[in-house]
Amino acid sequence: MARAGLTPERLTRAGAELADEVGFDQVTVSALARRFDVKVASLYSHVKNSQDLKTRIALLALTELADRAAEALAGRSGKDALAALANVYRDYAREHPGRYAAAQLRLDPETAAASAGVRHARMTRALLRGYDLTEPDQTHAVRLLGSVFHGYVSLELGGGFSHSAPDTDVTWARILDALDTLLRNWPAPGEPPTDPRG
């Protein structure tokens, strides 16, 4: 490929595609140079180093995820919104495993504050307002949802559930049912757990 036409945006998209193919950890400026059949030095006028490239891929992934989430959440509330948001994360991770991994990259505070990660937090908090959660419980619930979504998706992508029944889609649906029930019945601070058997 000709060197002309290389831009930071084009390199970021190519890096994201590479991440989906070989894994986010394997993305480097050198690997990208091989993809474009150019010398590594020719890319440094567009990206500073491999960490800069990875940060750009992370920002792209966060933006793509936020755009999908906004579209999926439009006009939904309660359990429908919860399932829509959860499915955006799961579907994106299945379609773009490298980009999904990139979205987990730890960003410096300034970069994070300017990223689409802020949109993710706002959308999740808007979803939770439908469950009448206030602070600090809303923050606890944001962390819970993120942990469950990311944990399940990561285990599923790694093959952690492929060895046993029931099907992962069935488990996913039950998890969303359980999260909805929990969010509708959020315990008060210090409240002893209730016995679900009555």
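So, a quick definition before we start: an axis here is a line fitted to C-alpha atoms, taken for helices over the stretch in contact, and angles run from 0 to 180 degrees between N-to-C directions. Keep in mind that this is a predicted model.

With that, let's look at helix H1, residues 8-22, and helix H2, residues 29-36. Their axes sit 10 Å apart, and the packing angle is about 100°. Angles of 65 to 115 degrees count as roughly perpendicular, so that's what we call H1 and H2. Who makes the contact? From H1 it's Arg10, Leu11, Ala14, Gly15, Glu17, Leu18 and Glu21, and from H2 it's Ala31, Leu32, Arg35 and Phe36. Sorted by class, that contact has 6 nonpolar, 1 polar and 4 charged residues.

Okay, on to helix H4, which runs 78-95.

Last stop, His96. You'll find His96 in the loop between H4 and helix H5, 97-103. Buried or exposed? Its relative accessible area is 18%, and the cut-off for buried is under 20%, so His96 counts as buried. Setting aside neighbours within four places in sequence, His96 is in contact with Asp20 and Arg68.

Note on methods: Residues are numbered from 1 along each chain as its sequence is written. This is a predicted model: local features need pLDDT of at least 70, side-chain atom pairs count only at pLDDT 80 or more; totals for chains, interfaces and linings use all residues. Side-chain values use heavy atoms; hydrogens and water are left out. Helices (H or I, at least four residues) and strands (E, at least two) are DSSP runs, numbered from the N terminus. Buried means under 20% relative accessible area, exposed over 50%, partly exposed in between (1.4 Å probe, protein chains only). Contact means heavy atoms within 4.5 Å. Angles under 35 degrees count as roughly parallel, over 145 as roughly antiparallel, 65 to 115 as roughly perpendicular and the rest as oblique. Ala, Val, Leu, Ile, Met, Phe, Trp, Tyr, Cys and Pro count as nonpolar, Asp, Glu, Lys and Arg as charged, and the others, Gly among them, as polar.
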